[in-house]
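The following explanation is intended for a reader who meets this structure for the first time. Please keep the sequence and the model in view while reading.

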Amino acid sequence: MCTDGERLASPVPLTGGGIEAEYCAVYCVNKEGEPVYLGYTPANDFSDAGLRHARRSLANFSKLQPTAVASEVTLADLPESSPVSTSISRGSTVVWQRKGALGRREMLYAPRVLERLLLHRRKLFAAGTVVYLLLGSCTSSHMDGVGLCDGDVVTLREEHSGLSLTTPFSC
């Protein structure tokens, strides 16, 4: 994982890396082992979608890439809906840009349903553990046929919180 301004780097050669703009819910596990919701932050979820499509049997490995999250957390419930814009720049040229929306209304499953299904397992996390839960994307560079190249810069801006995330990419 990396944060704003830090390099997002692939640990392995890519067959079609792309990014997805998402909200990331942030939790801290209390003394009883229960995750407590703290807030949310924007995230660039990086995956090798080319691998997922070329070799379906290796689809799970396509997600074994780092994710970038903003360096601040909004201490509030997710907004109903918030505009978000994502772009990839190569040098001084924007090679991909897409607008979308994130928030409760935009999700397939409610945040609390995901929380209950994925996080409420006895003794899954030690007390004090911080858990980041990606909540689904609204834009995908790979879906638009744009992959990441060494030296690209990914920028995400989310309007409701005013947070942004800029990460250089290297492979």
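The paragraphs below turn to the sheet and then to the salt bridges.

The model is predicted: local features need pLDDT of at least 70, side-chain atom pairs count only at pLDDT 80 or more, and totals for chains, interfaces and linings use all residues. Residues are numbered from 1 along each chain as its sequence is written, and side-chain values use heavy atoms, with hydrogens and water left out.

An open sheet is formed by 5 strands, arranged in the order β2-β10-β9-β6-β7 with mixed pairing. At its edges lie β2 (8–9) and β7 (93–102), each of which pairs on one side only. Helices (H or I, at least four residues) and strands (E, at least two) are here DSSP runs, numbered from the N terminus, and two strands pair if DSSP finds at least two bridges between them. Between strand β6 (residues 82–90) and β7 there are 9 bridges, and the pairing is antiparallel. One point of contact can be followed directly: P83 has A101 in β7 as its bridge partner.

Across the whole structure, a search finds 6 salt bridges. The term denotes a side-chain nitrogen of Lys or Arg within 4 Å of a carboxyl oxygen of Asp or Glu. Because R90 lies in strand β6 and D152 in the loop between β8 (130–140) and β9 (153–158), the pair ties together parts that are 62 residues apart in sequence. For accessibility, buried means under 20% relative accessible area, exposed over 50%, and partly exposed in between (1.4 Å probe, protein chains only). D152 counts as buried because its relative accessibility is 0%, whereas R90, at 31%, counts as partly exposed.

A second salt bridge joins R112 and D77, with the closest N and O atoms 3.0 Å apart. This pair also links distant parts of the chain: R112 belongs to helix α2 (residues 111–119) and D77 to the loop between β5 (67–69) and β6, 35 residues apart. Both residues are partly exposed, R112 with a relative accessible area of 37% and D77 with one of 48%. Together with E115, D77 and R112 are linked in a network of salt bridges.

Which residue forms a salt bridge with E106? The partner is R105, and the closest N and O atoms are 3.6 Å apart. R105 is exposed, with a relative accessible area of 55%, while E106 is partly exposed at 37%.
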